[in-house]
Amino acid sequence: MQALTNRSRAVSRKPLTFMESLYLPAILKGMLITFSHIFKKNPTVRYPEEKRPFSPVFRGLHVLNRDEEGRENCTACGLCAVACPAEAITMEGAERMEGEEHLYREEKYAAKYEINMLRCIFCGLCEEACPKDAIYLSETFAPANFTRKGFIYGKEELLIPHPIEEPEAFAKAKGLNKEA
Ligand code: SF4
Ligand code: SF4
C-alpha cells in the first residue's frame, strides 16, 4: 500500500530477551519513578479552600466604578462598547434628572449596562478605552452558571457597592481589585 507520508516506521518484532520476558526490571523501574514523586512538592491546589495568588496582570470580572460620594462614574459614552472586540457590551443611556445628582456624576448615565461574559475575552480594552475611570477588570472571575442568561451581567452585578452605605463591601471590592 502506498504511504501518504514518509513518517511510517516498521515495527520491531524481535523476540524478548530473558530479562525482558520477566517484566520485573520494567515494573521496578516504573515503581521507582512513582516512588520518587512521593517526596516532591504536590502541585495540586485544593480550591476553593486554598487559592493560588493571581498574576499582577490578571484581568477578571468587570466592576462599574463609583466616585467617593457613591455616584456612578459611567456616562454611557459607549467608548468601551466600541473598543470591545467581542461586542460583549451593550448599554442604554439616559439623562440625569433634577434631584439625581447624588446618584450619577455626570448629566448622562447608563440606565442599562450589560456585559455578556460568554463573549468577553477579558482583554481589558474596555478599561483602557474608558475616559471616566468607570470600568475596570477585577481580580475575580465569573462564577459557573447553569444558564447562558446567567452570564449576562447587568448593573446589579457589575456596580461596586456604595462607599458610604456599604463601606465594608466597598473596601473589600476595592481591596480585591487592582488599582482603579
Ligand atoms: S474585557 Fe475585552 S472582550 Fe471583555 S468586555 Fe472588555 S473589551 Fe470586551
Ligand atoms: S464605562 Fe466608560 S467608556 Fe463605557 S460607557 Fe461608561 S464612561 Fe463610557
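Reader: What classes of residue make up the shell around ligand 2?

Author: The shell has 11 nonpolar, 2 polar and 1 charged residues. Ala, Val, Leu, Ile, Met, Phe, Trp, Tyr, Cys and Pro count as nonpolar; Asp, Glu, Lys and Arg count as charged; the others, Gly among them, are polar. This is a predicted model: local features need pLDDT of at least 70, side-chain atom pairs count only at pLDDT 80 or more, and totals for chains, interfaces and linings use all residues. Residues are numbered from 1 along each chain as its sequence is written, while chains are lettered from A and ligands numbered from 1 in the order in which they are written.

Reader: Which residues are the closest to ligand 2, and how many surround it?

Author: There are 14 around ligand 2, and C74, C77, C80, C130 and A134 are the closest. A residue counts as near a molecule if its C-beta atom, placed from the backbone, lies within 6 Å of it.

Reader: What about the shell around ligand 1, by class?

Author: It has 13 nonpolar and 1 polar residues, with no charged ones. Ligand 1 also has 14 residues around it, the closest being C84, C120, C123, L125 and C126.

Reader: Which residues of the largest nonpolar core touch the most other members?

Author: They are L64, C74, C80, I89, C126 and I135, out of 22 residues in that core. Strand 1 (62-64), strand 3 (108-116) and strand 4 (135-137) each give two or more residues to it. Strand 3 gives the most, with 4. Such a core is a set of buried Ala, Val, Leu, Ile, Met, Phe, Trp, Tyr and Cys residues joined through C-beta atoms within 7 Å. In soluble globular proteins, nonpolar side chains tend to be buried together.

Reader: What is I135 in contact with, leaving aside its neighbours within four places in sequence?

Author: H62, L64, N65, C80, C126, E127 and C130. Contact means that two C-beta atoms, placed from the backbone, lie within 7 Å.

Reader: Why does K155 count as partly exposed?

Author: Buried takes 20 or more other C-beta atoms within 10 Å, exposed takes 12 or fewer, and partly exposed lies in between, with C-beta atoms placed from the backbone. K155 has 15 such neighbours, so it is partly exposed. It sits in helix 5 (residues 155-158). Beyond its neighbours within four places in sequence, K155 is in contact with L64 and Y113.

Reader: Why is H162 called partly exposed?

Author: Its count is 14, so H162 is partly exposed as well. H162 lies in the loop between helix 5 and helix 6 (167-176). Sequence neighbours within four places aside, it is in contact with R66, G70 and F170.

Reader: How many helices and strands does the protein have?

Author: It has 6 helices and 5 strands. Helices (H or I, at least four residues) and strands (E, at least two) are DSSP runs, numbered from the N terminus.

Reader: How does the radius of gyration of the protein stand against that of a compact globule?

Author: The protein has 28 Å, whereas a compact globule of 180 residues would be near 16 Å. The radius is taken over C-alpha atoms, and the globule rule is 2.2 Å times the number of residues to the power 0.38. The C-alpha trace spans about 95 × 50 × 30 Å along its principal axes. Buried residues make up 17% of the 180.
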